[in-house]
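Trainee: Could you take me closely through one part of this model? Please keep the cut-offs in view as you go.

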Amino acid sequence: MIRHIIAAIATVLALWASYYMYTLDKEVQKLKEIHRIIKASEIKVQLKKPVISRVNVQKNSKAEAEKQLQAKNKELDQKLQALKNKAGNIAAFKVSKLYKQNCSSCHGVNGKGIIGPSLVGKSKEFILEQLKEFKSGKRKNYVMYGLLQKMDDEKLNNLATEISTFKEKWDKYNNQ
Ligand code: HEC
């Protein structure tokens with residue numbers, strides 16, 4: 001409303017000024033004075049706009065910021081839940097002492113692999129065959145060869161049996 005009044009005044013002033021300019025264009029001083037008045041009223045009109053839009057921007061950005069904050073909080077909650085799940089999964093993923101002490105440093109406590117390849121999803125027969133071949137030196141790997149020398153067939157069999165259940169365990173804990 002106030003903006004409209006000011007705009008109207010400005011328009012009237014402008015019209016008045018152009019009329020004045022038309023009739024008294026030789027009176028330079030007067031013209032300058034009118035020009036000053038118009039400029040002053042223009043400033044007023046211009047001043048109003050940014051003030052109004054700034055209020056709107058503040059309102060908008062406040063609502064926007066609140067939304068973003070809520071989204072962030074939700075995201076954090078989800079991440080925290082995922083972390084809790086993961087921690088629970090790792091804690092629940094129990095392995096034998098034999099595996100933990102001899103194999104987990106390279107194949108991971110859950111068999112997913114670190115230095116050594118992932119053993120998850122490999123069959124008992126396959127694993128046992130690999131272990132026997134590493135031990136005999138048929139499949140050449142210095143680390144695996146050295147490690148398996150002190151292990152009898154029973155241990156190899158136990159390890160192969162245990163590792164072959166990793167996939168099932170892994171799937172179970174990840175679907176909880
Ligand atoms: C110092 C690291 C290290 C340790 C400890 C270790 N491994 Fe390995 N393992 C490896 C590496 C590296 C390979 C890959 C060898 C290759 O491909 O030549 C491997 C390969 C294997 C393979 C063959 C996988 C495939 O897909 O062909 C099996 C099975 C295996 N390891 C089981 C075990 C078991 C069981 C133990 C514990 C008794 C163990 N490993 C301990 C490093 C290790």
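## Around the metal site

Mentor: Tyr145 counts as partly exposed, at 37% relative accessibility. Relative accessible area is taken with a 1.4 Å probe on protein chains only: buried means under 20%, exposed means over 50%, and partly exposed lies in between. This is a predicted model, in which local features need pLDDT of at least 70 and side-chain atom pairs count only at pLDDT 80 or more, while totals for chains, interfaces and linings use all residues. Residues are numbered from 1 along each chain as its sequence is written, and side-chain values use heavy atoms, with hydrogens and water left out.

Tyr145 sits in helix H6. Helices are DSSP runs (H or I, at least four residues), and strands are E runs of at least two; both are numbered from the N terminus. The C-alpha atom of Tyr145 is 8.6 Å from that of Glu133, 12 residues apart along the chain.

Now the metal. His107 (NE2) and Met144 (SD) coordinate the iron atom of the ligand, at 2.0 to 2.3 Å. Donors are N, O and S atoms within 2.8 Å of the metal (3.2 Å for Na, K and Ca); water is not among the atoms, so sites may look incomplete. The iron site has 6 donor atoms, with angles of 79 to 179°, and is octahedral. That label needs six donors, with opposite donors over 155 degrees apart and all others between 65 and 115. His107 is in helix H4 (residues 104-107) and Met144 in helix H6 (residues 142-148), so the pair links distant parts of the chain, 37 residues apart. Ideal angles for six octahedral donors are 90 or 180 degrees.

For Arg139, the side-chain distance is 2.8 Å. A polar side-chain atom of Asn141 lies 3.4 Å from a ligand oxygen.

Asn110 lies in the loop between H4 and H5. Asn110 counts as buried, at 15% relative accessibility. A polar atom of its side chain is 3.2 Å from the backbone nitrogen of Lys112.

The protein has 8 helices and 0 strands. Buried residues make up 22% of its 176 residues.

Methods: Tetrahedral: all angles 85-135°; square planar, octahedral: opposite > 155°, others 65-115°. Polar contact = N/O pair within 3.5 Å; in protein donor to acceptor, adjacent residues only side chain to side chain.
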